[in-house]
Amino acid sequence: MGDVVYDLREVRRARYAVAAVFAVHGAVTGTFATRVPWIQDHASLSPGQLGFALAFTAFGAACSMPLAGRIGHRFGSRTALRGLIALWTLALVLPSLAPNLLTLCLAMFTYGASAGMADVAMNALGIEIERLLDKSIISSLHGMWSTGALVGSAGGTLAAHLGADARVHFALAAATLTVLGVLACRWVLDLQPAEDEEPPPRFALPPKSALLIGAVGFCAVFAEGASLDWSAVYLRHQLDTSAGLAAACTTGFMLTMALARLVGDVVVNRFGAVRTVRAGGGFAVLGGLLIVVAGHPAVAMAGFALLGLGIAVVVPLCFAAAGHSGPNPSQAIAGVATITYTAGLIAPSLIGGVAQATSLVVSFGLVTALACGLMAFAGVLRTGGRKDRAEVGPPAAAVPEPRP
C-alpha cells in the first residue's frame, strides 16, 4: 500500500463537490416536508396513522446506515456516493405514490433507508477531506444541507400554493436533484480501501466511543426536533400569537441554524470543538430559559433563535469526532447517526406527551435540561485522529491519504 498525496486544488474541488451533495440531500428533505399534508390527504390517513408511517423513516435509516461502509469498501467512495445519492433523490417519488397506510409505511422505510446510507457516505467523505485539509469544514457542509433544505422547502411551498399534484412535483424535483447530485459526485475524491483491508461488517453495534459522542448529539437533535415541530405551536397557543408570527418563529429558527452552521467552522478552527460546543450549550440553555419564562412573543422568539444558535454545530462536530475516533469512520458515523435519528424521532412525540400531561412550558423545561448536557459532556468530542488545534497546540502536517 503506497501513499498518494493529493493536490491541494483537487482536495478543495472535492470539498465544494461534497458541499453540493449535502445541499442536494437537504433539498430532498425540504421538498418532502412541505407536501406532507398532500400525502396525508392522498392516502386518507388520520394524524395518528400519519405519525406511525413517518416513524418508518427513522426505522429505515437505522437499519440501513451500517451498510454504507460496506458499500463504500466494495465500490470506492465516489461510485458509492454517486449511487447512494441517486437512490435517495429518486426515493423522493415513492411517498407521493402511496395510496394507503401500508404502502406509505413501505415507501417511508425505503425513503429513510436511502437517506441514511447517503448521509453516512457523504459525512464520511467530508471528514476524510477535513483530515486532508487539517481544519474543520464539517459545520459548513451541514450548513449547505440546511441551505438545501430551505431551498427545497421554498420550492415545495410554492408548489403547494399553486395546488400542484405532489406526484408531478416530486417527479420533477427528483429528476433535477438526481442530475445535480450525480454531476457533483464527479469531483469528489475516489478513496479506495487497501488490498488487505477487511470489509466492515454488514451490521454491527456502534463502538463505545460512538455511544458517548451520540449522547451529545442526542441532546442537540432532541432540542432541534422539539423546536422545529413545536415552536409555532408554542407561540400560537401558549402566547396567543397569530398563525403568521408563529410560522415566522419556526422559519427564524431554521435560518439561525443554517447561518450558524455556515460560519461555524471559523469558530471551531479558532476555539476548538469542545469549547465551541460548551459555549453553544450555554447559548442553548439561555434560549431554553427565555422560552420557559417568556410572557411576550418577542422573548420566546429570541429564545428559539438562541437555542438554534447553540445547537447548530453540535451534530456536525459529533459526526466529525466519530469519524476521527477509530479505524472505521463509516461504522462510527453510522452509530452516531442512528442515535441522533432516534432523538429526532422521539422528540416531537415526547414533547407532545409531556405537554398533554402538564404543559408546553414543562416540555421546553425538559429541552433546557438536556441542553445542559452539551456543556457537561462536550469533552467526549476531544476524540480522534485530527487533534483539536485550539486545545492542544499547532497541528502537524496533514497525513497523505493512503491508496493501494
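# Briefing on a predicted helical protein chain

Of the 404 residues in the protein chain, 50% count as buried. The model is predicted. Its secondary structure comes to 16 helices and two strands. Among contacts in the chain with a separation of 6 or more, 86% join residues 24 or more positions apart. The accessible surface is about 17,000 Å², and carbon and sulfur atoms account for 67% of that area.

**Packing of helices α1 and α7**

- Two packed helices are described by the angle between their axes and the distance between the axes.
- Helix α1 covers residues 8-34 and helix α7 covers residues 138-161; their axes come within 6 Å and cross at roughly 35°.
- The crossing of α1 past α7 is right-handed.
- On the α1 side, the contact is made by Arg15, Val18, Ala19, Phe22, Ala23, His25, Gly26, Ala27, Thr29, Gly30, Thr31 and Thr34.
- On the α7 side, the contributing residues are Ser140, Leu141, His142, Met144, Trp145, Gly148, Ala149, Gly152, Ser153, Gly156 and Thr157.
- By class, the residues of this contact between α1 and α7 divide into nine nonpolar, 13 polar and one charged.

**Aromatic pairs and a cluster**

- The structure holds nine aromatic pairs.
- In the pair formed by Tyr234 and Phe304, the ring centres are 6.1 Å apart and the planes stand at 80°, so the arrangement is edge-to-face.
- Tyr234 belongs to helix α9 (residues 208-238) and Phe304 to helix α12 (residues 297-311), so the pair ties together parts that are 70 residues apart in sequence.
- Tyr234 and Phe304 are both buried.
- One aromatic cluster is formed by Phe52, Phe56, Phe59 and Phe109.

**Gly214 in helix α9**

- Gly214 is found in helix α9, the helix that also contains Tyr234.
- Gly214 has a relative accessible area of 0% and is therefore buried, the limit for that class being under 20%.
- Apart from neighbours within four places in sequence, Gly214 is in contact with Val336 and Ile339.
- Gly214 and Val315 are 101 residues apart along the chain, and their C-alpha atoms are separated by 8.7 Å.

- Leu133 is found in helix α6, which spans residues 101-133.
- The relative accessible area of Leu133 is 17%, so the residue counts as buried.
- Not counting residues up to four places away in sequence, Leu133 touches Leu8, Val11 and Arg15.
- Leu133 and Arg15 are 118 residues apart in sequence, with a C-alpha to C-alpha distance of 9.5 Å; Arg15 also takes part in the contact of α1 with α7.
- Asp134 is found in the loop between α6 and α7.
- Asp134 has a positive phi of about 55°, although it is not a glycine.
- With a relative accessible area of 13%, Asp134 is buried.

**Ser44 in the loop between α2 and α3**

- Ser44 is found in the loop between α2 (36-43) and α3 (47-75).
- Ser44 is not a glycine, yet it has a positive phi of about 55°.
- The relative accessibility of Ser44 is 61%, so this residue counts as exposed, whereas Asp134 is buried.

How values were computed: Residues are numbered from 1 along each chain as its sequence is written. This is a predicted model: local features need pLDDT of at least 70, side-chain atom pairs count only at pLDDT 80 or more; totals for chains, interfaces and linings use all residues. Side-chain values use heavy atoms; hydrogens and water are left out. Helices (H or I, at least four residues) and strands (E, at least two) are DSSP runs, numbered from the N terminus. Buried means under 20% relative accessible area, exposed over 50%, partly exposed in between (1.4 Å probe, protein chains only). Contact means heavy atoms within 4.5 Å. Accessible areas come from the Shrake-Rupley method with a 1.4 Å probe; for residues, only the protein chains shown count as cover. Axes are lines fitted to C-alpha atoms, for helices over the stretch in contact, and angles run from 0 to 180 degrees between N-to-C directions. A crossing is left-handed if the near helix is turned anticlockwise from the far one by less than a right angle, and right-handed if clockwise. Ala, Val, Leu, Ile, Met, Phe, Trp, Tyr, Cys and Pro count as nonpolar, Asp, Glu, Lys and Arg as charged, and the others, Gly among them, as polar. Rings of Phe, Tyr and Trp (its six-membered ring) pair if their centres lie within 6.5 Å; planes under 30 degrees apart count as stacked, over 60 as edge-to-face and the rest as tilted.
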